[in-house]
Amino acid sequence: MSTAKLPCNVDVVALGELLIDFTENGVSEQGNPLLEANPGGAPCNVLSMLTRFGKTVGFIGKVGNDGFGKMLKGAIAEQGILTEGLCFDNDVHTTLALVLKLENGDRDFAFYRKPGADMNLRPEEVDTDLIRSARLFHFGSLSLTDEPVRSATKKALETAEDAGLMISFDPNLREPLWETMDQAKEQIDFGMKHAHVLKISDNEITWFTGKEDYEDGIRYLQETYPNLKLICLSMGPDGSRACFGDLRVDVPAFLQEKTIETTGAGDTFCACMLNTVLDKGLDDLSEDDLREMLTTANAAASLVTTKKGALRVMPQLDEVKAFIAERTQG
């Protein structure tokens, strides 16, 4: 594929799932939950938030050649995400996810993906020119669950490494999508080995490392994967932690009563982390850099939990700054 019509420099290219999240939005007259079709998928959620920072971003993935697939292409284009790397599948429908809210505020996912179009991205469909035009390549584990998208991901990753890009990985563990948890661990290990930047959640780090103490888990990751220069741990209501070499910075969460659901919070956080990496690099991050990064990430993630959906409702920077100022004054 040609990059003749692309910007000379793209900040971030992400590969992975683009899907419809059916999220609860009220109750019918019969008492049944009403589900709203929200554009979703972690990689494009990340890219959408990065556009709020003025970054140029592109997506590589596959949707069905159906109504939902066309809706998704329009939705990401509307957010300023380049669509040259998006492919359409004539045989398999767009992937769907039902997201139901649990009593504790967390989410229960049910995926319609056996198969889903995102799984059918083939290596020869990967827009390698788009990747070569970028500064950073981002991916998650959902594109490693099945073939042929697993091979497509590995081709994209090889292209990114050959071009000298920074590489970011988010395990984004969704247990129902894996045949076994041993397979999940094997593929997430693969992602860890190739990344320079890691965003990981509290439940993921304890599962993957077998360490109950987060600091022990981080130490395990740093020793096992010396390529990981920056590790960011999201801990829900307990805030977040950034680890860069020997530096450790913790920032509390911005808790609020307006939270509706947590869909997209981790992706919003991840985007803020990547924005700092793009602006400051990975060679000499300071304690102040890490604290500012986490503060922005925690605030943006908190704001997105007050809205339904994620990709189309990422907060604007002035909204994030005002929220931080309001919460930290005095």
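Predicted model: local features only at pLDDT ≥ 70, side-chain atom pairs only at ≥ 80, totals over all residues.

Visitor: Why is Lys 229 called partly exposed?

Guide: Buried needs under 20% and exposed needs over 50%. Lys 229 has 37%, so the label in between applies.

Visitor: What makes Asp 283 and Lys 229 a salt bridge?

Guide: The cut-off is a nitrogen within 4 Å of a carboxyl oxygen. The closest N and O atoms of Asp 283 and Lys 229 are 3.9 Å apart, so the pair qualifies. Asp 283 sits in the loop between helix 8 and helix 9, and Lys 229 in the loop between helix 7 and strand 11, so the bridge ties together parts 54 residues apart in sequence.

Visitor: How do you know whether Asp 283 is buried or exposed?

Guide: Its relative accessibility is 68%. Exposed means over 50%, so Asp 283 counts as exposed.

Visitor: And what makes Glu 215 and Arg 241 a salt bridge?

Guide: Their side chains meet at 3.3 Å, N to O, and the limit is 4 Å, so they count. The pair links distant parts of the chain, with Glu 215 in helix 7 and Arg 241 in strand 12, 26 residues apart.

Visitor: Why is Arg 241 called buried?

Guide: Arg 241 has 15% relative accessibility.

Methods: Residues numbered from 1 in each chain as written. Heavy atoms only, no water. Helix = DSSP H or I, 4+ residues; strand = E, 2+ residues; numbered from the N terminus. Buried < 20%, exposed > 50% of the residue type's maximum accessible area, 1.4 Å probe, protein only.
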